[in-house]
Amino acid sequence: MTLTETIRIERTPHSRLAETDFQNLEFGKYISDHMAISDFKSGSWGPLSIMPFGELRMTPAILALHYGQAIFEGMKAFRTVDGRVNIFRPKKHHERINKSLERMCMPALPWDLFIQSLRTLIDLDREWVPKTEGSSLYIRPLVFASESRLGVKVSEQYKYVLMTSPVGPYYNKPFRLKVEDHYVRTAEGGPGYAKCAGNYGGAFYPTQVAKEEGFDQVLWTDSKEHKYIDEVGMMNVMFVMDGKLVTPQLYTAILDGVTRDSILTVAREMGLQTEEKRISVEELEEGFRSGKLTEAFGCGTAAVVAPITGIRIHDNDYKLGTPGPESIQGRIKQKLLNIRTGAENDVHHWNYLI
Ligand SMILES: *Cc1c(COP(=O)(O)O)cnc(C)c1O
């Protein structure tokens, strides 16, 4: 029996397409008509169902709400120049979903189930993939512990839910950051490399404090010494130093971003030198002082590239100009978009066309 034969599809009688303003797509505001669901029980994942997006019935005793077994992904699908729909790097996202699941003692999601859910749901809600340049369909896979029980334990039941949301071009208001030297997002050996819900919950407070101080985000540093740069907000971070693209090397406190990996790859193809290494706060400061540091940006699926124009390091404010389309980050962003929309050759087979 193949998975396709076991998919149950219940279509919505009331599409919300007509009432969705595709000219003003606020990030995550509109959720497409359908969702895909599979339940894990008695040691295996059950058949996939597609149903109208809406409420789920569950008790307030589900383990995810109490003990935090909840992980998610963030990926995108794009309209190609010839009108098809392209899911960007589903394999890499699938590998990461399973790393996150493993770290949280949750069962792996089989590739067949994952890709079938993506194909079927996105094909059914194909009209929700925006057509304007720079827009895309944001895809949110979620897995959470659904067993209803109060005792502290690893759940024996889970729910996988896949939902999507049309999103417009991300207008990147340049970021002003502060180097965080008190709070931490995660620590070496912690779940920082997993996309688990708690990492976000724990980061809200330090971010709120930074916002009250007039910053947009925090530049996270390592938990032991606050000496090395880890990430920015909930994105990976990159710098252009001496014309070279540098980014913190991965360890357990850094999330292995798909955008980070894609950017490093296309940058090398564009003839840029790249380096993954520990980057100290001191080195950043020195880069600002000497003028060797010319660009800084966050990178992630949602924003792709988010320019950083100011960083407070201890008591000093350092500034960078607003990057134009000819900047390194501007050119990288455009190249990535070209690959995703099929305007440029997909030499790495990142695109999954449906
Ligand atoms: C999702 C995420 C990123 C970016 O990963 P992408 O795969 O590029 O979207 C970076 N850092 C954190 C903490 C994240 O949760």
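A: One term to begin with: a polar contact is a pair of N or O atoms within 3.5 Å. This is a predicted model, where local features need pLDDT of at least 70, side-chain atom pairs count only at pLDDT 80 or more, and totals for chains, interfaces and linings use all residues. Residues are numbered from 1 along each chain as its sequence is written, and side-chain values use heavy atoms, with hydrogens and water left out.

Q: OK, how far is the backbone N or O atom of Met 234 from a nitrogen atom of the ligand?
A: That distance is 3.4 Å.

Q: And what about the side chains of Arg 96 and Lys 195?
A: In Arg 96, an N or O atom of the side chain is 2.7 Å from a ligand oxygen. For Lys 195, a polar side-chain atom also lies 2.7 Å from an oxygen atom of the ligand.

Q: How much of the ligand does the protein bury?
A: The protein buries 97% of the 380 Å² that the ligand exposes when taken alone (Shrake-Rupley method, 1.4 Å probe).

Q: Switching topic: how big is the largest pocket?
A: Its volume is about 1000 Å³. A pocket is an open set of points on a 1 Å grid over the protein atoms alone, where a 1.4 Å probe fits, with protein on both sides within 12 Å along at least five of seven lines; lining residues have an atom within 4 Å of a point.

Q: Which residues are closest to its centre?
A: Of the 47 lining residues, Tyr 170, Tyr 200, Met 234, Met 235 and Ala 302.

Q: Which helix gives the most to that lining?
A: α5 does, with six residues.

How values were computed. Polar contact = N/O pair within 3.5 Å; in protein donor to acceptor, adjacent residues only side chain to side chain. Points joined across faces, edges and corners; volume = space filled by probe spheres on them. Helix = DSSP H or I, 4+ residues; strand = E, 2+ residues; numbered from the N terminus.
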